[in-house]
Structures are given as C-alpha cells and as structure tokens.
Amino acid sequence: MATMTAKTERRNFRFARRMKKMNVSAIREILKVSERPDIISFAGGMPAPELFPVEAVARAHAAVFADEGPESLQYSTTEGWRPLREWISNRMKQKGIDAHPDRVLMTSGSQQGIDLVARIFLEPGDTVIVENPCYLAALQTFTSYEASFIAVDSDDEGINVDQVEMALGNSNPKFIYIVSEFHNPKGTSLSTARRHQLIELSRRHQVPILEDDPYGELRYRGEARPPLAALDRDGLVIYLSTFSKTISPGMRLGWAVSSSELMQAMVIVKQASDLHTSTVEQRAAARLLAEFDYDGHIAELRREYGARCETMLDAIAKEFPAECRPTQPEGGLFVWVELPPSISGQDLFEEALADKVSFVPGAPFFASEPKENFIRLNFSNRPPDMIREGVSRIGRILKKRLI
C-alpha cells in the first residue's frame, strides 16, 4: 500500500487588511489549557452549570416540538419571536426602560448586539470611547471594523465622566461603549450620579451610548441603580442584555432595545448576518418563561453566586499579600485584583498554571497601553471549597514573589 507524506504548505491568501489588527482572544486561549479537570479555573466568565434549569428547559423544548414542531423548525422573522419580545418588553419596563416589543430585537447572545451596533456605525478610522480596562470581546469587535479607541480611566464608581467630557470636546467618536453594571473585567458599577452625567453628555453632544448589561440581574448586595436606557429621553442609548448568565449561554439568546430608527438599521444588518436567531430556542425560551418561576430562579442564583463572591473576597483578604487590592463587586461574576507593580499577571499565570490553578491576566483588557499588574478572577463557576483552595495557591505564589 502506498503511503502519503503530509506536507505543510503556506498559501498566500489575500485576507482583508483588518485581519492584521485582529488577535485571538486571550481568554479563549487560556480556556483551552484550563479545561483539564485537574485545573481549578477562575478564567472563564461562565455561570455554574449545576445551576442551569435543565429540566425546565428540557420540558419547554419538548412542549415546543409537541405543539409547534414544524413551525419551530422553519425560518422566522429577523426581529424575533413576538411572544418572547413581549416578555422582554415587560421585563424592561420593570427596570424603567420604555421598550415596546417593536423596539426589541432578538440576537444570538448580546455579543451579536455589539457586532450589529459596530456594523451600523463604524467605518475605518472611526473612534469609540471605552472604559479602560474594557470587555475584551467588545474591543475585538470594534477592531474588526478598523476602529480606534479613546480609552477613559475608571475607578470604583465606574468610568471617569470628566474624561469622557474632555474626549467629546476634543474628538468626534461614533459612540460610547460601557458595561454599566458589574463591569467585565472589574466587577464595578457606574454610580447613579455618573449615570446622569453621562446621559447629559450624550444628549448635549448627540453621541449614542451602547449600554451592555449582561449581569444586571445578578445583584447580591447594595441598591439597584437605573439603567442608562431608563434615564434616556432622546433615543440615544442602545441597551443590550442576554439570558446567557441567567438561563443558559448555550441557548445563545440576547436582545437589543433601541429607538425605532436604530432598530431598523440593526434589523437590516442582522438580515445580512444570520437572517434570524434560532427559532427553536426562541420559542422554547418563551414557553419556559411563561411557565417557569424566573424570579425564583434569579433569587437562587443571587444567593449562590453571592455566597461564592463573598468566599472569594474573604479568601483573598486572608491569603493574598496586603499589597494586593481587589475590587468589591456588588454583583456579576468577577473580581479584579491590582497586584504590586513588580508582579506581572502573565508571569503569575504561568506559575499558577503549574500549580494547577488559572485565571486571566489583566493586560489584554486595556484599550490603551497595557497594565501588566492586574488579574481577573471568576467566582461563579467554582464551589466555595475550590475557590478557597485556588485562591490559597495563588496567594502562596504571590507571597513568595514578594519575599
């Protein structure tokens, strides 16, 4: 039998020029090495699979196939399944957002919402104001449209609005991107006073705000704040959210709420992107939410994740050197830790991985000059005993480095 020798050939593909600016996700690459069962991983921003409402989701799918089988397998409208958009509209009104079902667009996770907004606004060379550090996948999306960033500093009360005002006075950005509640990666939230200031700046300069709110339901302590979209009276805020953190990321169901004009533009570009979000999943979600105690489920998530958050913060206070400064999130999935200036998050990651614990180094989250002495820790995807053990391992490495 003849044998064939595999040959590696380098082909001269003529990729689009934007590919030169795009890099693989640091988080996705870290997750590849963190998937081993012997690794205590704080890397992914993943909800706890043991808290997924598996049986309720299964019953909802079964009901859809039993009662709406052929229709659920057919093409659907780009805007999304009307009963699900009506449920979301009512939920948004509870948050103070004037969201008529006709101004709700179903998306394949809120990540697609970010992409749709980028697509309708950004041309090569355009600028976007972002909080520094920033959600990594948003930076990737905006880079794919050859945009550049005006990186604005942040503190424990969120984005520095005075710097936003200076940026708006000195440049002409297409929009402001912000994770308003339980920021990724920092876990911090925008203060109420700054929310009002930001809305006023948006109105005065007629610059839209893309408000990304995937974690807003997951508040463990403190008082809820109004979304920016609830404060908007000029149709300048585009609000994104998702069921990924509350029901299931695998269903890939998110939504956008905006003015009618912006909604029509997003519908047009979504038609060119994927025609519509999964018909089966939308109908199953609508069935689930009609019969399922969603608020009770959210309350359970808040109890469990809140306990895990406190476990991580307590363990950091006990195990990390005093020079380390963690944020104190009131919700969400992340704790952001500032390390002593002499310690690189990437170097710490390499040592921690050898000790079978992982996290995400902070440098990739910065839209401007990377700062190396930060790490992001996820607490939602590990039980308390593993959180304590993983933090202890990281703490031992940090203390050795500071000797």
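Which residues in α2 meet α10, and which in α10 do they meet? In this predicted model, the α2 side of the contact is made up of Ala 56, Val 57, Ala 60, His 61, Ala 63, Val 64, Phe 65, Asp 67, Glu 68, Glu 71 and Ser 72. Facing them from α10 are Thr 279, Val 280, Glu 281, Arg 283, Ala 284, Arg 287 and Leu 288. Sorted by class, the residues of this contact come out as nine nonpolar, six charged and three polar.

As for the geometry, α2 spans residues 54-72 and α10 spans residues 279-291, and the two helices pack at an angle of about 125°. Their axes lie 8 Å apart. Angles from 65 to 115 degrees count as roughly perpendicular and those over 145 as roughly antiparallel, so α2 is oblique to α10. The crossing of the two helices is right-handed.

The largest cavity holds about 100 Å³ of space. Its lining consists of 16 residues. Nearest the centre of the largest cavity sit Glu 217, Ser 241, Thr 242, Trp 255 and Tyr 294. Helix α3 (82-94) and strand β8 (237-242) each contribute at least two residues to this lining. The class make-up of the lining is eight nonpolar residues, with four polar and four charged.

Notes. Residues numbered from 1 in each chain as written. Predicted model: local features only at pLDDT ≥ 70, side-chain atom pairs only at ≥ 80, totals over all residues. Heavy atoms only, no water. Axes fitted to C-alpha atoms, helices over the stretch in contact; angles between N-to-C directions. Helix = DSSP H or I, 4+ residues; strand = E, 2+ residues; numbered from the N terminus. Parallel < 35°, antiparallel > 145°, perpendicular 65-115°, else oblique. Left-handed = near helix turned anticlockwise from the far one by under 90°. Contact = heavy atoms within 4.5 Å. Nonpolar A, V, L, I, M, F, W, Y, C, P; charged D, E, K, R; others polar. 1 Å grid on protein atoms, 1.4 Å probe; cavity = no way out; pocket = protein on both sides within 12 Å on 5 of 7 lines; lining within 4 Å. Points joined across faces, edges and corners; volume = space filled by probe spheres on them.
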